[in-house]
Amino acid sequence: MFQLFVPSKIEEIFQKYARTNPEALTADELDEFLKGNREPKDYGGWIAGLTEWKTLYYLAKDKNGLLEKDTIKTVYDGSLFEKMAAETAKKKHK
């Protein structure tokens, strides 16, 4: 069986790269993660990974510039955009 989301892999990322906050990644920590997981000479993979993760960071970072672990998990369970829509609606009501 093919499994897209492996929770232990997310935990490994945060154990290794989340130094500022154990539950979130800064932009610099995300860059370290991306560089640390490149396959040699897989330039297409580098660009794809950079594009996916940076897009997620810019869309879903919090007001402090942190990409939270729970937010990353929402990508895999399909609820990211529902969460973002709810946050936007909440801001509009203020």
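Student: What volume does the largest pocket have?
Tutor: This is a predicted model, in which local features need pLDDT of at least 70 and side-chain atom pairs count only at pLDDT 80 or more, while totals for chains, interfaces and linings use all residues. Residues are numbered from 1 along each chain as its sequence is written, and side-chain values use heavy atoms, with hydrogens and water left out. A pocket is an open set of points on a 1 Å grid over the protein atoms alone, with protein on both sides within 12 Å along at least five of seven lines, and its lining residues have an atom within 4 Å of a point. Its volume is the space filled by probe spheres set on the points, which are joined across faces, edges and corners, and for the largest pocket this comes to about 600 Å³.

Student: Which residues lie nearest the centre of the largest pocket?
Tutor: The lining has 12 nonpolar, three polar and nine charged residues, where Asp, Glu, Lys and Arg count as charged, Ala, Val, Leu, Ile, Met, Phe, Trp, Tyr, Cys and Pro as nonpolar, and the others, Gly among them, as polar. Of the 24 residues that line this pocket, those nearest its centre are Ile 13, Phe 33, Leu 34, Asn 37 and Trp 53.

Student: Which element gives the most to the lining of the second largest pocket?
Tutor: The second largest pocket has a volume of about 450 Å³, and 16 residues line it. Elements here are DSSP runs numbered from the N terminus, helices (H or I) having at least four residues and strands (E) at least two. With six residues, the element that gives the most to this lining is H5.

Student: Which residues touch the most other members of the largest nonpolar core?
Tutor: A nonpolar core is a set of buried Ala, Val, Leu, Ile, Met, Phe, Trp, Tyr and Cys residues joined through side-chain atoms within 4.5 Å, and buried means under 20% relative accessible area, using a 1.4 Å probe and protein chains only, with exposed over 50% and partly exposed in between. Among the 16 residues of this core, those touching the most other members are Leu 25 and Ile 72.

Student: Is Thr 71 buried or exposed?
Tutor: Thr 71 has its place in helix H4 (residues 69-77). Not counting residues up to four places away in sequence, Thr 71 touches Ala 60, Leu 80 and Lys 83, contact being heavy atoms within 4.5 Å. Because its relative accessible area is 5%, Thr 71 is buried.

Key. On a 1 Å grid over the protein atoms alone, a cavity is a set of points where a 1.4 Å probe fits but cannot get out, and a pocket is an open set with protein on both sides within 12 Å along at least five of seven lines; lining residues have an atom within 4 Å of a point.
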